[in-house]
Amino acid sequence: MNDSPPPDPCAELRAQVRRLTAEWREAGRYVPRSDSWLRSFDLEFSKELAARGLIAMTYPEEFGGAGRTHVERLAVTEELLRAGAPVAAHWIGDRQIGPAVLRYGTRALQEEIVPRIASGEAVFCLGMSEPEAGSDLASVRTSAVPADGGWLVNGHKIWTTQAHHATHAYLLARTAHGARKHDGLTEFLVDMDTEGVTVTPIVDLCGEHHFNEVRFENVLVPAHRVLGEPGAGWRQVVEQLSFERGGAERVLSSYPVLVELIAETARRADDRELHALLGSLVARLAVLRRLCFEVAGALDAGQAPVQRAAALKYLGNAFEHDVIEALRRTGLCQDPAPGDVFGQALLASPAFGLRGGAAEVLLSLIARQEARP
(Lines give C-alpha, C1' and ligand atoms only; values in the text may rest on other atoms or scores of the structure.)
Protein backbone atom coordinates (compact mmCIF):
# COMPACT_ATOMS: atom_id res chain seq x y z
CA MET A 1 0.00 0.00 0.00
CA ASN A 2 1.35 3.40 -1.04
CA ASP A 3 0.55 6.09 1.52
CA SER A 4 2.52 8.85 -0.21
CA PRO A 5 0.51 11.93 -1.24
CA PRO A 6 -0.46 12.28 -4.90
CA PRO A 7 1.85 14.43 -7.04
CA ASP A 8 1.06 18.13 -7.20
CA PRO A 9 -0.29 18.86 -10.72
CA CYS A 10 0.97 22.44 -10.32
CA ALA A 11 4.47 21.45 -9.19
CA GLU A 12 6.21 22.63 -12.36
CA LEU A 13 4.42 25.97 -12.28
CA ARG A 14 5.47 26.46 -8.67
CA ALA A 15 9.05 25.52 -9.52
CA GLN A 16 9.07 27.97 -12.44
CA VAL A 17 7.99 30.85 -10.19
CA ARG A 18 10.49 29.89 -7.50
CA ARG A 19 13.34 29.87 -10.03
CA LEU A 20 12.38 33.27 -11.42
CA THR A 21 11.94 34.97 -8.05
CA ALA A 22 15.19 33.45 -6.75
CA GLU A 23 17.09 34.76 -9.80
CA TRP A 24 15.73 38.28 -9.40
CA ARG A 25 16.24 38.29 -5.64
CA GLU A 26 19.84 37.01 -5.84
CA ALA A 27 20.60 39.59 -8.53
CA GLY A 28 19.37 42.33 -6.19
CA ARG A 29 16.52 43.26 -8.50
CA TYR A 30 13.96 43.21 -5.71
CA VAL A 31 13.71 42.91 -1.95
CA PRO A 32 10.88 40.70 -0.60
CA ARG A 33 8.25 42.60 1.32
CA SER A 34 4.84 42.21 2.86
CA ASP A 35 1.82 43.37 0.88
CA SER A 36 3.86 43.12 -2.32
CA TRP A 37 0.76 42.81 -4.51
CA LEU A 38 -0.18 46.36 -3.56
CA ARG A 39 3.07 48.08 -2.52
CA SER A 40 5.82 46.59 -4.70
CA PHE A 41 5.61 47.94 -8.26
CA ASP A 42 8.00 46.80 -11.00
CA LEU A 43 6.65 46.88 -14.54
CA GLU A 44 9.65 44.98 -15.91
CA PHE A 45 9.04 42.09 -13.52
CA SER A 46 5.39 41.96 -14.59
CA LYS A 47 6.41 41.91 -18.25
CA GLU A 48 8.85 39.08 -17.48
CA LEU A 49 5.99 37.10 -15.97
CA ALA A 50 3.85 37.89 -19.02
CA ALA A 51 6.56 36.64 -21.37
CA ARG A 52 6.55 33.33 -19.48
CA GLY A 53 2.77 32.97 -19.65
CA LEU A 54 2.32 33.67 -15.93
CA ILE A 55 -0.08 36.60 -16.38
CA ALA A 56 -3.55 36.17 -17.90
CA MET A 57 -3.22 32.48 -17.19
CA THR A 58 -6.97 31.82 -17.28
CA TYR A 59 -7.68 34.00 -20.32
CA PRO A 60 -8.41 32.44 -23.73
CA GLU A 61 -5.37 32.02 -25.96
CA GLU A 62 -6.98 34.15 -28.67
CA PHE A 63 -6.60 37.17 -26.36
CA GLY A 64 -3.03 36.43 -25.33
CA GLY A 65 -3.89 34.21 -22.38
CA ALA A 66 -2.67 30.74 -21.50
CA GLY A 67 -6.03 28.97 -21.30
CA ARG A 68 -5.17 27.51 -17.89
CA THR A 69 -7.38 26.98 -14.85
CA HIS A 70 -7.96 29.23 -11.85
CA VAL A 71 -6.48 26.49 -9.69
CA GLU A 72 -3.24 26.71 -11.68
CA ARG A 73 -3.30 30.48 -11.38
CA LEU A 74 -3.75 30.11 -7.62
CA ALA A 75 -0.54 28.06 -7.45
CA VAL A 76 1.39 30.83 -9.23
CA THR A 77 -0.05 33.65 -7.13
CA GLU A 78 0.69 31.77 -3.91
CA GLU A 79 4.34 31.41 -4.92
CA LEU A 80 4.65 35.06 -5.95
CA LEU A 81 3.19 36.23 -2.65
CA ARG A 82 5.33 33.82 -0.61
CA ALA A 83 8.37 35.29 -2.36
CA GLY A 84 7.25 38.88 -1.64
CA ALA A 85 7.72 39.55 -5.36
CA PRO A 86 7.03 42.97 -6.99
CA VAL A 87 3.72 42.19 -8.69
CA ALA A 88 1.67 45.36 -8.13
CA ALA A 89 1.97 46.51 -11.75
CA HIS A 90 -0.22 43.74 -13.16
CA TRP A 91 -2.14 42.45 -10.15
CA ILE A 92 -5.41 44.37 -10.43
CA GLY A 93 -5.71 44.12 -14.20
CA ASP A 94 -4.88 40.42 -14.25
CA ARG A 95 -6.97 39.52 -11.21
CA GLN A 96 -10.27 41.19 -11.99
CA ILE A 97 -10.38 43.59 -14.93
CA GLY A 98 -9.48 41.02 -17.57
CA PRO A 99 -12.05 38.51 -16.29
CA ALA A 100 -14.70 41.25 -16.06
CA VAL A 101 -14.07 42.35 -19.67
CA LEU A 102 -14.16 38.74 -20.85
CA ARG A 103 -17.46 38.24 -19.05
CA TYR A 104 -19.24 41.50 -19.88
CA GLY A 105 -17.28 43.37 -22.53
CA THR A 106 -18.11 43.56 -26.20
CA ARG A 107 -15.91 41.69 -28.63
CA ALA A 108 -14.27 44.97 -29.65
CA LEU A 109 -13.53 45.88 -26.03
CA GLN A 110 -12.11 42.41 -25.38
CA GLU A 111 -9.81 42.71 -28.38
CA GLU A 112 -8.68 46.19 -27.31
CA ILE A 113 -8.07 45.63 -23.60
CA VAL A 114 -7.43 41.98 -22.77
CA PRO A 115 -4.25 41.42 -24.84
CA ARG A 116 -2.72 44.55 -23.28
CA ILE A 117 -3.35 43.13 -19.81
CA ALA A 118 -1.91 39.78 -20.89
CA SER A 119 1.31 41.41 -22.12
CA GLY A 120 1.78 43.52 -19.00
CA GLU A 121 1.35 46.70 -21.03
CA ALA A 122 -1.91 47.88 -19.43
CA VAL A 123 -1.74 48.88 -15.76
CA PHE A 124 -5.12 49.26 -14.06
CA CYS A 125 -6.25 51.08 -10.93
CA LEU A 126 -9.67 50.75 -9.30
CA GLY A 127 -11.94 53.79 -9.19
CA MET A 128 -14.37 52.48 -6.58
CA SER A 129 -13.93 54.05 -3.12
CA GLU A 130 -15.08 57.62 -2.58
CA PRO A 131 -14.71 60.21 0.21
CA GLU A 132 -17.37 59.94 2.93
CA ALA A 133 -18.65 56.63 1.52
CA GLY A 134 -16.56 54.33 3.70
CA SER A 135 -17.01 50.71 2.63
CA ASP A 136 -20.51 51.38 1.27
CA LEU A 137 -19.69 50.99 -2.40
CA ALA A 138 -23.27 51.66 -3.45
CA SER A 139 -22.99 55.25 -2.13
CA VAL A 140 -21.23 56.30 -5.32
CA ARG A 141 -21.66 59.97 -6.18
CA THR A 142 -19.34 60.13 -9.19
CA SER A 143 -21.70 60.72 -12.10
CA ALA A 144 -21.68 59.94 -15.79
CA VAL A 145 -24.17 61.57 -18.17
CA PRO A 146 -24.63 60.92 -21.89
CA ALA A 147 -22.67 63.19 -24.21
CA ASP A 148 -21.69 63.27 -27.88
CA GLY A 149 -19.67 60.14 -28.51
CA GLY A 150 -19.92 58.74 -25.00
CA TRP A 151 -20.31 59.79 -21.38
CA LEU A 152 -19.18 62.84 -19.43
CA VAL A 153 -17.80 61.86 -16.01
CA ASN A 154 -17.44 64.07 -12.93
CA GLY A 155 -16.45 62.86 -9.49
CA HIS A 156 -13.78 62.04 -6.91
CA LYS A 157 -12.22 58.69 -5.99
CA ILE A 158 -9.88 57.98 -3.09
CA TRP A 159 -7.42 55.31 -1.88
CA THR A 160 -6.78 54.50 -5.53
CA THR A 161 -3.81 52.15 -5.49
CA GLN A 162 -1.02 52.82 -8.02
CA ALA A 163 -3.13 55.38 -9.93
CA HIS A 164 0.07 57.38 -10.49
CA HIS A 165 1.45 54.46 -12.52
CA ALA A 166 -1.80 53.34 -14.16
CA THR A 167 -2.53 53.51 -17.86
CA HIS A 168 -6.23 52.76 -17.28
CA ALA A 169 -8.83 53.04 -14.54
CA TYR A 170 -11.80 50.84 -13.85
CA LEU A 171 -14.51 53.32 -12.84
CA LEU A 172 -17.84 52.81 -11.11
CA ALA A 173 -20.15 55.78 -11.68
CA ARG A 174 -23.81 56.64 -11.26
CA THR A 175 -25.69 57.01 -14.54
CA ALA A 176 -29.23 57.06 -13.13
CA HIS A 177 -31.11 57.36 -9.83
CA GLY A 178 -33.43 54.48 -9.00
CA ALA A 179 -35.55 53.39 -6.08
CA ARG A 180 -32.50 51.79 -4.50
CA LYS A 181 -29.01 53.22 -4.31
CA HIS A 182 -27.74 50.00 -5.92
CA ASP A 183 -29.65 50.86 -9.10
CA GLY A 184 -28.29 53.05 -11.88
CA LEU A 185 -24.58 52.23 -11.49
CA THR A 186 -22.40 51.67 -14.55
CA GLU A 187 -18.86 50.37 -15.05
CA PHE A 188 -16.41 52.16 -17.36
CA LEU A 189 -12.82 51.70 -18.49
CA VAL A 190 -11.03 55.04 -18.66
CA ASP A 191 -7.66 56.03 -20.13
CA MET A 192 -5.74 57.77 -17.36
CA ASP A 193 -4.21 60.28 -19.79
CA THR A 194 -7.66 61.59 -20.75
CA GLU A 195 -8.08 65.35 -20.30
CA GLY A 196 -9.71 66.12 -16.95
CA VAL A 197 -8.21 63.20 -14.99
CA THR A 198 -6.08 64.45 -12.06
CA VAL A 199 -4.08 62.23 -9.70
CA THR A 200 -3.05 63.53 -6.27
CA PRO A 201 -0.72 61.40 -4.10
CA ILE A 202 -1.60 60.18 -0.62
CA VAL A 203 1.75 59.73 1.13
CA ASP A 204 1.87 57.50 4.21
CA LEU A 205 3.62 58.23 7.51
CA CYS A 206 6.92 56.81 6.22
CA GLY A 207 6.85 58.85 3.03
CA GLU A 208 5.82 55.98 0.75
CA HIS A 209 3.40 56.63 -2.08
CA HIS A 210 1.00 53.84 -3.01
CA PHE A 211 -2.44 55.45 -2.67
CA ASN A 212 -3.95 58.39 -4.49
CA GLU A 213 -6.96 60.61 -4.90
CA VAL A 214 -8.29 60.77 -8.46
CA ARG A 215 -10.58 63.51 -9.71
CA PHE A 216 -12.63 63.40 -12.89
CA GLU A 217 -13.66 66.80 -14.25
CA ASN A 218 -15.75 66.68 -17.43
CA VAL A 219 -13.89 63.55 -18.56
CA LEU A 220 -15.23 62.21 -21.86
CA VAL A 221 -15.33 58.41 -21.87
CA PRO A 222 -16.05 56.88 -25.31
CA ALA A 223 -19.31 54.95 -25.56
CA HIS A 224 -17.54 51.67 -26.33
CA ARG A 225 -15.74 51.83 -22.97
CA VAL A 226 -18.90 50.96 -21.03
CA LEU A 227 -18.45 47.55 -19.45
CA GLY A 228 -21.66 45.57 -19.77
CA GLU A 229 -25.04 47.26 -19.68
CA PRO A 230 -25.54 50.84 -18.43
CA GLY A 231 -27.24 50.72 -15.05
CA ALA A 232 -26.35 47.06 -14.41
CA GLY A 233 -23.08 47.86 -12.69
CA TRP A 234 -24.00 46.72 -9.18
CA ARG A 235 -24.72 43.11 -10.17
CA GLN A 236 -21.55 43.06 -12.24
CA VAL A 237 -19.33 44.58 -9.57
CA VAL A 238 -20.57 42.12 -6.93
CA GLU A 239 -19.54 39.26 -9.19
CA GLN A 240 -16.24 40.99 -9.91
CA LEU A 241 -15.54 41.17 -6.17
CA SER A 242 -15.40 37.36 -6.17
CA PHE A 243 -12.16 37.73 -8.10
CA GLU A 244 -10.94 40.53 -5.83
CA ARG A 245 -11.80 38.96 -2.47
CA GLY A 246 -11.21 35.30 -3.20
CA GLY A 247 -7.48 35.11 -3.86
CA ALA A 248 -4.36 34.21 -1.93
CA GLU A 249 -3.53 37.90 -1.42
CA ARG A 250 -6.27 37.96 1.23
CA VAL A 251 -4.26 35.42 3.23
CA LEU A 252 -0.57 35.92 2.44
CA SER A 253 -0.03 39.68 2.64
CA SER A 254 2.00 39.22 5.83
CA TYR A 255 3.69 35.95 4.81
CA PRO A 256 7.27 37.30 5.19
CA VAL A 257 6.42 37.86 8.87
CA LEU A 258 5.33 34.23 9.19
CA VAL A 259 8.69 33.16 7.74
CA GLU A 260 10.47 35.15 10.47
CA LEU A 261 8.19 33.65 13.11
CA ILE A 262 8.95 30.11 11.93
CA ALA A 263 12.69 30.77 12.06
CA GLU A 264 12.53 32.24 15.54
CA THR A 265 10.35 29.40 16.82
CA ALA A 266 12.89 26.89 15.52
CA ARG A 267 15.57 28.66 17.55
CA ARG A 268 13.44 28.44 20.71
CA ALA A 269 13.05 24.69 20.97
CA ASP A 270 11.92 24.84 24.60
CA ASP A 271 9.29 27.59 24.21
CA ARG A 272 6.18 25.42 24.16
CA GLU A 273 3.84 28.40 24.17
CA LEU A 274 5.44 29.86 21.05
CA HIS A 275 5.39 26.47 19.32
CA ALA A 276 1.69 26.12 20.09
CA LEU A 277 1.01 29.62 18.77
CA LEU A 278 2.84 28.87 15.53
CA GLY A 279 1.03 25.56 15.21
CA SER A 280 -2.35 27.26 15.45
CA LEU A 281 -1.36 29.77 12.74
CA VAL A 282 -0.13 27.05 10.40
CA ALA A 283 -3.35 25.09 10.91
CA ARG A 284 -5.41 28.17 10.09
CA LEU A 285 -3.30 28.80 7.01
CA ALA A 286 -4.00 25.26 5.79
CA VAL A 287 -7.76 25.86 6.11
CA LEU A 288 -7.54 29.22 4.34
CA ARG A 289 -5.53 27.74 1.49
CA ARG A 290 -8.21 25.11 1.11
CA LEU A 291 -10.84 27.85 0.92
CA CYS A 292 -8.76 29.62 -1.75
CA PHE A 293 -8.71 26.35 -3.66
CA GLU A 294 -12.50 26.01 -3.40
CA VAL A 295 -13.02 29.57 -4.66
CA ALA A 296 -10.68 28.89 -7.61
CA GLY A 297 -12.52 25.66 -8.36
CA ALA A 298 -15.85 27.48 -8.34
CA LEU A 299 -14.50 30.05 -10.79
CA ASP A 300 -13.32 27.21 -13.03
CA ALA A 301 -16.89 25.89 -12.94
CA GLY A 302 -18.17 29.26 -14.19
CA GLN A 303 -19.62 30.32 -10.86
CA ALA A 304 -19.35 33.63 -9.01
CA PRO A 305 -18.62 32.42 -5.44
CA VAL A 306 -19.59 35.68 -3.73
CA GLN A 307 -20.21 34.20 -0.28
CA ARG A 308 -17.11 32.03 -0.14
CA ALA A 309 -14.92 34.86 -1.40
CA ALA A 310 -16.30 37.20 1.26
CA ALA A 311 -15.72 34.56 3.95
CA LEU A 312 -12.17 34.06 2.73
CA LYS A 313 -11.41 37.76 2.89
CA TYR A 314 -12.92 38.11 6.38
CA LEU A 315 -11.04 35.12 7.81
CA GLY A 316 -7.88 35.80 5.84
CA ASN A 317 -7.56 39.38 7.04
CA ALA A 318 -7.89 38.23 10.64
CA PHE A 319 -5.15 35.68 10.02
CA GLU A 320 -2.84 38.31 8.49
CA HIS A 321 -3.23 40.53 11.55
CA ASP A 322 -2.73 37.63 13.93
CA VAL A 323 0.55 36.68 12.23
CA ILE A 324 1.86 40.18 12.92
CA GLU A 325 0.66 40.07 16.52
CA ALA A 326 2.35 36.68 16.98
CA LEU A 327 5.72 38.13 16.01
CA ARG A 328 5.37 40.65 18.84
CA ARG A 329 5.45 37.65 21.17
CA THR A 330 9.04 36.87 20.14
CA GLY A 331 10.50 40.20 21.19
CA LEU A 332 12.11 40.64 17.76
CA CYS A 333 10.09 43.74 17.00
CA GLN A 334 10.73 46.00 20.00
CA ASP A 335 12.01 48.75 17.72
CA PRO A 336 10.57 48.10 14.25
CA ALA A 337 12.01 50.06 11.33
CA PRO A 338 10.03 50.96 8.19
CA GLY A 339 12.37 48.87 6.07
CA ASP A 340 12.38 45.64 8.09
CA VAL A 341 9.96 42.77 7.75
CA PHE A 342 7.87 43.62 10.80
CA GLY A 343 7.85 47.35 10.11
CA GLN A 344 6.63 46.85 6.54
CA ALA A 345 3.84 44.56 7.63
CA LEU A 346 2.84 46.85 10.47
CA LEU A 347 2.58 49.83 8.10
CA ALA A 348 0.50 47.84 5.63
CA SER A 349 -1.79 46.21 8.19
CA PRO A 350 -4.37 49.03 8.71
CA ALA A 351 -5.52 48.48 5.12
CA PHE A 352 -5.92 44.70 5.44
CA GLY A 353 -9.44 44.89 6.82
CA LEU A 354 -10.63 47.81 4.67
CA ARG A 355 -9.74 47.14 1.03
CA GLY A 356 -12.33 45.01 -0.69
CA GLY A 357 -14.85 45.70 2.09
CA ALA A 358 -14.71 46.17 5.85
CA ALA A 359 -15.57 43.28 8.17
CA GLU A 360 -19.10 44.54 8.83
CA VAL A 361 -19.82 44.75 5.09
CA LEU A 362 -18.47 41.25 4.49
CA LEU A 363 -20.49 39.74 7.34
CA SER A 364 -23.62 41.44 6.05
CA LEU A 365 -22.98 40.09 2.55
CA ILE A 366 -22.40 36.58 3.88
CA ALA A 367 -25.62 36.74 5.91
CA ARG A 368 -27.68 37.95 2.93
CA GLN A 369 -26.30 35.18 0.73
CA GLU A 370 -27.04 32.62 3.44
CA ALA A 371 -30.63 33.86 3.75
CA ARG A 372 -31.38 33.41 0.06
CA PRO A 373 -33.51 30.35 -0.76
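Helices are taken as DSSP runs of H or I of at least four residues, numbered from the N terminus. On this numbering, α4 gives the most to the lining of the second largest cavity, with four residues. The structure described here is a predicted model.

A search of the whole structure finds three cavities of 30 Å³ or more. The second largest cavity has a volume of about 50 Å³. Its lining is made up of L54, I55, A56, M57, R73, V76, T77, L80, H90, W91 and D94. Two elements, α4 and α5 (88-104), each give two or more residues to this lining. By class, the lining of the second largest cavity comprises seven nonpolar, two polar and two charged residues.

Helix α4 also takes part in the second largest pocket: α4 (70-82) and α9 (272-300) each supply at least two residues of the pocket lining. The space in the second largest pocket amounts to about 240 Å³. The residues that line the second largest pocket are D8, P9, C10, R14, V71, L74, A75, E78, A286, R289, R290 and F293. Seven of these lining residues are nonpolar and five are charged, with no polar residue present.

In the pair formed by α1 (residues 11-26) and α3 (residues 43-51), the axes come within 12 Å and cross at roughly 150 degrees. This angle makes α1 roughly antiparallel to α3, since angles over 145 degrees are counted in that class. The crossing of α1 and α3 is right-handed. On the α1 side the contact is made by L20, T21 and W24, which meet E44, F45, E48 and L49 of α3. The contact of α1 with α3 holds four nonpolar, one polar and two charged residues.

Helix α8 (residues 255-267) packs against α10 (residues 306-328) at an angle of about 40 degrees, and the two axes lie 9 Å apart. The two helices, α8 and α10, are therefore oblique to each other. The crossing of α8 with α10 is left-handed. Residues V257, L258, E260 and L261 in α8 meet F319, V323, I324, A326 and L327 in α10. Eight residues of the contact between α8 and α10 are nonpolar and one is charged, while none is polar.

The axes of α8 and α9 come within 10 Å and cross at roughly 145 degrees. The crossing of α8 and α9 is left-handed. In this contact, Y255, L258, L261, I262 and T265 of α8 meet L274, H275, L278, L281 and L285 of α9. The contact of α8 with α9 consists of eight nonpolar and two polar residues, and no charged residue is included.

Technical notes
Residues are numbered from 1 along each chain as its sequence is written. This is a predicted model: local features need pLDDT of at least 70, side-chain atom pairs count only at pLDDT 80 or more; totals for chains, interfaces and linings use all residues. Side-chain values use heavy atoms; hydrogens and water are left out. On a 1 Å grid over the protein atoms alone, a cavity is a set of points where a 1.4 Å probe fits but cannot get out, and a pocket is an open set with protein on both sides within 12 Å along at least five of seven lines; lining residues have an atom within 4 Å of a point. Grid points are joined across faces, edges and corners, and a volume is the space filled by probe spheres set on the points. Ala, Val, Leu, Ile, Met, Phe, Trp, Tyr, Cys and Pro count as nonpolar, Asp, Glu, Lys and Arg as charged, and the others, Gly among them, as polar. Axes are lines fitted to C-alpha atoms, for helices over the stretch in contact, and angles run from 0 to 180 degrees between N-to-C directions. Angles under 35 degrees count as roughly parallel, over 145 as roughly antiparallel, 65 to 115 as roughly perpendicular and the rest as oblique. A crossing is left-handed if the near helix is turned anticlockwise from the far one by less than a right angle, and right-handed if clockwise. Contact means heavy atoms within 4.5 Å.
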